[in-house]
Amino acid sequence: MATETHAPVSSCVDSHGGAIGMPQLCPDWMGNQIFWLVVTLVVIFFILSKIALPRIASVLAERQGTITNDIAAAEELKQKAVEAEEAYNKALADARAEAGRIIAEAKAEMQAEVDAEIAKADAEIAAKSAESEKAISEIRAGALEAVKDVAKDTAKEIVAAMGGKADARSITAAINERMKG
Amino acid sequence: MEGDIVQMGAYIGAGLACTGMGGAAVGVGHVVGNFLSGALRNPSAAGGQTATMFIGIAFSEALGIFSFLVALLLMFAV
Amino acid sequence: MATETHSTEAAAEGSSLVFHPMDQFIVKPLFGDGPVGMFTITNVTLWMALSVVAILLLLVVGTSRRAIVPSRSQSIAELAYGFVYKMVEDVAGKDGLRYFPYIMTLFMFILMANMLGLIPMAFTTTSHIAVTAVMAVAVFLSVTIIGFWKNGFGFLSLFWISSAPLVLRPILAIIEIISYFVRPVSHSIRLAGNMMAGHAVIKVFAAFAALLAISPFAILAITAIYALELLVAFIQAYVFAILTCVYLKDALHPHH
């Protein structure tokens, strides 16, 4: 065979360096591949499990922790902002209530003053009107008396003119009776 | 002469074995097509099933690779 | 052997089209031309060491500043950590988080090996079935041991589907047991096959680029497939890790 004359390195390689059959099925190389594969896998496994994976896990955990902390801090700040807003709103409401109270007080005071003034004025008006009522009634009484006198005189004069003689008593009685009617 | 006939048979067999890869192509296309039509109906559920799709692709593709392997074995190893 | 004649023929013919899509997967000693023994330093060693260095750079050097506000490399490291952590938590549950470093190890190694393998002229360690099979068998064995250790023989209820009708249960149990034992096979071949397929296809298109007439198309195709492979490199690492999580979930909670 040609491969034997050329001092072959393997029964799977021909004298030209080409593959005989499928190199994957060559039994000469399998031990070598398996050995180096096992070495490689063990090395990779130790690199990963001793160095790489714990490191990446810690970095990820650290990042997660930082993010959580930041979110917590942000939450706290938000809470504070909400509290501050509440305090502000409360102060505003208090100030509003205070203002309302002051306005109501001032209103009540003014109302009282106004009421007192009105009452006073009413009383004065009442007094004045009573006085004038009295004056009017006096004047009316006076006028009535005057009317009576005038009527007596007139009646006496009329009776005299008619030729009769009239005594004062009967005339007065007659007039009083008429005036009453 | 006898070797030539054996070689001819091996080559014909390799060619026939390669038709199996067409079947794998149909299978992979079927898997992905059905995944896509399902995913378009319910896109929210699609994300969780991508891994399942890849497993399905792997299974059906492996059979095509087997037929390719048979072809290679016939060409180079028999 | 048919293949031997085939490859020598192809090399002899090789004036216009030379296909050597498998040559990129050859294991070579780094120093000298001797045979590849068990402990020989080979290109496998080199590229696995480079993936260790890449992981070291990303996850250890990148995070060395332990900044609260992460730098660019640190945020990538944290993204990877959070991605795998969430995946384990979502799929395997809270009690699966104990095994998070193991899954992270697998995920980072596969991701870095896949990505480094996409560098031109690089060697893709995860394209070898020996490599992925060791990882898949390790996952399979550890998951089975965890299952029996956590649940005792209650772990066997994984295969006895109590929601199915009684007549169907033995048949389903057989199917479940077969599928359970096929898991490491599909788990390893999926990853190795994807990587191998992508690289072989790129290599085939690279061979087409030698023909002048179709070389622009070939280069365009290489670019497109390279982009696809970048996606596949990530998705296969993800799928390997998430399937490990699924198996772990079965071991921790075998009751459907």
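## Basis of the description

Because the model is predicted, local features need pLDDT of at least 70 and side-chain atom pairs count only at pLDDT 80 or more, while totals for chains, interfaces and linings use all residues. Residues are numbered from 1 along each chain as its sequence is written, chains are lettered from A and ligands numbered from 1 in the order in which they are written, and side-chain values use heavy atoms, with hydrogens and water left out.

## Chain B

Chain B contains two helices and zero strands, where helices (H or I, at least four residues) and strands (E, at least two) are DSSP runs numbered from the N terminus. Its C-alpha atoms fill a box of roughly 65 × 15 × 10 Å along the principal axes. The radius of gyration of chain B is 18 Å, whereas a compact globule of 78 residues would have one near 12 Å; this radius is taken over C-alpha atoms, and the globule rule is 2.2 Å times the number of residues to the power 0.38.

Of the 78 residues in chain B, 33% are buried, a term that means under 20% relative accessible area, with exposed meaning over 50% and partly exposed in between (1.4 Å probe, protein chains only). The accessible surface of chain B is about 4500 Å², and 75% of this belongs to carbon and sulfur atoms; such areas come from the Shrake-Rupley method with a 1.4 Å probe, and for residues only the protein chains shown count as cover.

## Nonpolar cores

A nonpolar core is a set of buried Ala, Val, Leu, Ile, Met, Phe, Trp, Tyr and Cys residues joined through side-chain atoms within 4.5 Å. The largest one has 95 residues, of which C:Met22, C:Leu59, C:Met104, C:Met108, C:Phe109 and C:Met135 touch the most other members. Elements giving two or more residues to this core include helix 2 (27-161) of chain A, helix 2 (43-77) of chain B and helix 4 (100-117) of chain C, and the largest share, 15 residues, comes from helix 7 of chain C. Another core, of five residues, lies apart from it and has C:Ile202 and C:Phe205 among its members.

Not counting residues up to four places away in sequence, C:Met104 touches A:Leu48, A:Leu53, C:Leu59, C:Ala80, C:Tyr81 and C:Val84, where contact means heavy atoms within 4.5 Å.

## A buried arginine

A:Arg63, which lies in helix 2 of chain A, counts as buried because its relative accessible area is 16%. Leaving aside neighbours within four places in sequence, A:Arg63 is in contact with C:Ala67, C:Ile68, C:Pro70, C:Gln74 and C:Glu78.

## Salt bridges

Side chains of opposite charge can pair when their charged atoms come close.

C:Asp250 counts as buried because its relative accessibility is 12%, and C:Arg183 counts as buried because its value is 14%. C:Asp90 and C:Lys86 also meet in a salt bridge (2.9 Å, N to O); both lie in helix 3 of chain C, four residues apart, and both are exposed.

## A nonpolar surface patch

C:Leu30, C:Phe31, C:Ile41, C:Leu46, C:Leu50, C:Val53, C:Leu57 and C:Val61 form a nonpolar surface patch with about 700 Å² of accessible area together. Patches are made of residues with over 30% relative accessible area and no salt bridge, like charges being joined within 9 Å and nonpolar side chains (Val, Leu, Ile, Met, Phe, Trp, Tyr) within 5 Å.

How values were computed. Salt bridge = Lys/Arg side-chain N within 4 Å of Asp/Glu carboxyl O.
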